[in-house]
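Let's take a walk through this one together. Have the sequence and the 3D view open side by side as you read.

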Amino acid sequence: MNHVLTIQTKNEQVALERVLQVTRYRGFELASFEMKPLADFSGLLLTLSINSDKPISLLTNQLNKLYDVQHLECKAAGAASSMRA
């Protein structure tokens, strides 16, 4: 199943590396990736397209545990759910 994750992180040098590492360790395939700074340059906005037959909750639960992740939104088949404020 295809999912689109929108992740807001702190502006830390290793934030991107941690997000991608967790994605790889959990066995999710990265189909596309976009990164841009937030308007006030306080963090990064990451958009990941993920392919996997595994439940997306296996990935989102781990990403939410990362210190750098401030907000995570998951979209699949037109449905959206906010995972963290």
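In which kind of crossing, left-handed or right-handed, does α1 pass α2? Keep in mind that this is a predicted model. Looking at the pair, α1 goes past α2 in a right-handed crossing. Helix α1 spans residues 15-25, and its axis lies 10 Å from that of α2, with the two packing at an angle of about 150°. Since angles over 145 degrees count as roughly antiparallel, that angle makes α1 roughly antiparallel to α2.

Now for the side chains where these helices touch. On the α1 side you'll find Val19, Val22 and Thr23, and they meet Leu59, Gln62 and Leu63 of α2. Sorted by class, this contact of α1 with α2 has four nonpolar residues, two polar ones and no charged ones.

Stay with α2, which covers residues 57-64, and check what is tucked away: Leu59, Thr60, Leu63 and Asn64 are buried. These residues sit on the same side of α2, because the arc they cover around the axis is only 125°.

Finally, hop over to strand β2, residues 29-37, where you'll find Ala31. Which residues does Ala31 touch, leaving aside neighbours within four places in sequence? The answer is Ser49 and Asn51. Asn2 is 29 residues away from Ala31 along the chain, yet their C-alpha atoms are separated by 8.9 Å.

Key: Residues numbered from 1 in each chain as written. Predicted model: local features only at pLDDT ≥ 70, side-chain atom pairs only at ≥ 80, totals over all residues. Heavy atoms only, no water. Helix = DSSP H or I, 4+ residues; strand = E, 2+ residues; numbered from the N terminus. Contact = heavy atoms within 4.5 Å. Buried < 20%, exposed > 50% of the residue type's maximum accessible area, 1.4 Å probe, protein only. Arc of directions from axis to C-beta. Axes fitted to C-alpha atoms, helices over the stretch in contact; angles between N-to-C directions. Parallel < 35°, antiparallel > 145°, perpendicular 65-115°, else oblique. Left-handed = near helix turned anticlockwise from the far one by under 90°. Nonpolar A, V, L, I, M, F, W, Y, C, P; charged D, E, K, R; others polar.
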